[in-house]
Amino acid sequence: MVYRILADITMTVHFLFLAYVVLGGFIAWRWPRTWFVHAAVAVYGTFNGILRFVCPLTPLEHGLRLKAGQAGLEPAGFVDTYLNDVVYPTELWPEVQLCAAAVVAVSWIGLAVRLRRRRTADVAP
């Protein structure tokens, strides 16, 4: 029972991490000093998407699921288990990555606009 709970917590953290990769730039609109954290996470997510290396959360969850007596993750990992052919068709993976990149770009452009407006308002007489 404990291993299943730990596996579920790991899966939840993994989903939250992916959500932060895509949407974290919008959080920086409210807390601008967090932009560098999102930048680091977005770079990690980009390289992970391109190079397809294994996120450390994937083998952790896989091992916990096996210890809980459940089936582990698909051989290709978290995305193949929970997203491909569940949320979107596998053949749309490149389009999904491009959409995620577009959301990140929009959030960063919006952040730049907001910061520029804030600076302009602070300088105005």
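Guide: Start at glycine 72, which sits in the loop between α3 and α4. You are looking at a predicted model, where local features need pLDDT of at least 70, side-chain atom pairs count only at pLDDT 80 or more, and totals for chains, interfaces and linings use all residues. Residues are numbered from 1 along each chain as its sequence is written, and side-chain values use heavy atoms, with hydrogens and water left out.

Visitor: Which residues is glycine 72 in contact with, leaving aside its neighbours within four places in sequence?

Guide: Contact means heavy atoms within 4.5 Å. Glycine 72 has His62, Arg65 and Leu66 as its partners, once neighbours within four places in sequence are set aside. Now look at valine 113. It is 41 residues from glycine 72 along the chain, and their C-alpha atoms are separated by 44 Å.

Visitor: What does the secondary structure of the protein come to?

Guide: Helices (H or I, at least four residues) and strands (E, at least two) are DSSP runs, numbered from the N terminus. Here there are five helices and zero strands. Follow the sequence and you read α-α-α-α-α. The radius of gyration is 18 Å, well over the 14 Å that the globule rule gives for 125 residues, so the protein is more spread out than a compact globule. The radius is taken over C-alpha atoms, and the rule is 2.2 Å times the number of residues to the power 0.38.

Visitor: How far does the C-alpha trace span along its principal axes?

Guide: The spans are about 65 × 35 × 20 Å. Of the 125 residues, 26% count as buried. Now take contacts between residues at least 6 apart in sequence. Of these, 60% join residues at least 24 apart.

Visitor: How are two packed helices described?

Guide: Use the angle between their axes and the distance between the axes. Axes are lines fitted to C-alpha atoms, for helices over the stretch in contact, and angles run from 0 to 180 degrees between N-to-C directions.

Visitor: Which residues of α1 and α3 meet?

Guide: On the α1 side, find Tyr3, Arg4, Leu6, Ala7, Asp8, Thr10, Met11, Val13 and His14. On the α3 side, find Leu57, Thr58, Leu60, Glu61, Leu64, Arg65 and Lys67.

Visitor: At what angle do α1 and α2 pack?

Guide: For α1 and α2 (residues 35–51), the angle is about 145 degrees, with the axes 9 Å apart. From α1, the contact uses Phe17, Tyr20, Val21, Val22, Gly24, Gly25 and Ala28. From α2 come Trp35, Val37, His38, Val41, Ala42, Tyr44 and Gly45.

Visitor: Where is the place of threonine 34?

Guide: Threonine 34 is in the loop between α1 and α2. At 25% relative accessible area, threonine 34 is partly exposed. Not counting residues up to four places away in sequence, threonine 34 touches Tyr20, Ile27 and Ala28. Threonine 34 and valine 22 are twelve residues apart in sequence and 14 Å apart in space, C-alpha to C-alpha.

Visitor: How many residues separate alanine 100 and valine 22 along the chain?

Guide: They are 78 residues apart along the chain, yet their C-alpha atoms are separated by 5.7 Å. Alanine 100 lies in α5. Its relative accessible area is 23%, so alanine 100 is partly exposed.

Visitor: Is asparagine 48 buried or exposed?

Guide: Asparagine 48 is buried, at 17%. It belongs to helix α2. Beyond its neighbours within four places in sequence, asparagine 48 is in contact with Phe53 and Cys55.

Visitor: What is the phi of arginine 52?

Guide: Arginine 52 has a positive phi of about 55 degrees, although it is not a glycine. Find arginine 52 in the loop between α2 and α3. It is partly exposed, at 43% relative accessibility. Aspartate 85 has a positive phi too, near 65 degrees, and is also a residue other than glycine. Look for aspartate 85 in the loop between α4 (78–82) and α5 (93–123). With a relative accessible area of 57%, aspartate 85 is exposed.

Conventions. Buried means under 20% relative accessible area, exposed over 50%, partly exposed in between (1.4 Å probe, protein chains only).
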